Amino acid sequence: TGSWRGVMFALAGFVLASGAVWWLISRHEEARARDGKAGGMSKGESLRAFAEIARLRIVQIVLLMSIGIFLINHGLNNWLPEILRAKGMSAVDAGYWASIPTVVGILGALTIPRFATPPRRVPIMLALFLMAGVATLLLHQMPGTGLATGLMLQGIARSSMMTVAILLLMEAPGVPPERAGMAGGMFFTVAEIGGVLGPLSIGIVSDASGGFEMPLWMMTAVVGV
């Protein structure tokens, strides 16, 4: 069509179709019977269970980390093509370079979480944050080996940080197995605060500073925190 509007309509169509399929499945008698057997908690019980999990120190730490993880991932994800174009790349070249983290991230997502067993989980998380920090520093480079390395490190970090953080949360001491679903829901609910703030803050800071140097330093600071 020569316009992104058609792409947006296509994506919206996929979302609506997925919602329709989910609605049909939820209306099936077997699915409704299974929900009935599960015996959902009352609102009061749910709030008490939520409060018990939220009071755990490790849960609070991981939830704060989740905000930073999503802020970095969503912020750089959405602005990366523009960051690359600001370095003098054409739109086509910026698109190719911006795909590097995605391609590398697929490989990282298939390998790194498999090694994140409980004894290794915290060291692996630390290594992923270090990769993310180095990546934000290398994104200051002009096109070349340094920038390509930064994009690869960004892909490895962003594809695995969320998965390892969820494992830390759902298997944390004090979080019983039957509350794992609730813990996962808490993770994404809180993390999406960063998911919104990431692209928004990069846009505001880049507009105010006239470039992407300050937003990238801001991302480095978020990784450090």
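How many residues does helix H7 (residues 121-138) have, and how far does helix H7 reach from its first C-alpha to its last? The legends below take this up in the second view.

**View 1. The whole chain is built from 10 helices and zero strands.**
Welcome to a predicted model, in which local features need pLDDT of at least 70 and side-chain atom pairs count only at pLDDT 80 or more, while totals for chains, interfaces and linings use all residues. Residues are numbered from 1 along each chain as its sequence is written, and side-chain values use heavy atoms, with hydrogens and water left out. Helices (H or I, at least four residues) and strands (E, at least two) are DSSP runs, numbered from the N terminus. The C-alpha atoms fill a box of roughly 60 × 45 × 35 Å along the principal axes. Of the 225 residues, 35% count as buried; buried means under 20% relative accessible area, exposed over 50%, and partly exposed in between (1.4 Å probe, protein chains only).

**View 2. Helix H7 packs against several other helices through its buried residues.**
Here is the reply to the opening question: H7 has 18 residues and reaches 26 Å, close to the 26 Å expected at 1.5 Å a residue. That expected span is 1.5 Å times one less than the number of residues. Among the buried residues of H7 are Arg121, Met125, Phe129 and Thr136. Their packing partners are helix H4 (57-85), helix H6 (100-115), helix H8 (145-170) and helix H10 (213-224).

**View 3. The largest nonpolar core has 43 residues.**
Such a core is a set of buried Ala, Val, Leu, Ile, Met, Phe, Trp, Tyr and Cys residues joined through side-chain atoms within 4.5 Å. Leu76, Met125, Met161 and Phe187 touch the most other members. At least two residues each come from H4, helix H5 (91-98), H7, H8, helix H9 (180-209) and H10, and H4 gives the most, with 11 residues.

Contact means heavy atoms within 4.5 Å.

**View 4. Trp4, Val7, Met8, Leu11 and Phe14 make a nonpolar surface patch of about 590 Å².**
Nonpolar patches join side chains of Val, Leu, Ile, Met, Phe, Trp and Tyr within 5 Å, from residues with over 30% relative accessible area and no salt bridge (a side-chain nitrogen of Lys or Arg within 4 Å of a carboxyl oxygen of Asp or Glu). Areas come from the Shrake-Rupley method with a 1.4 Å probe, and for residues only the protein chains shown count as cover. Phe14 lies in helix H1 (residues 4-26) and is exposed, with a relative accessible area of 59%.

Definitions and conventions: Patch = residues over 30% accessible without salt bridge, like charges linked within 9 Å, V, L, I, M, F, W, Y side chains within 5 Å.
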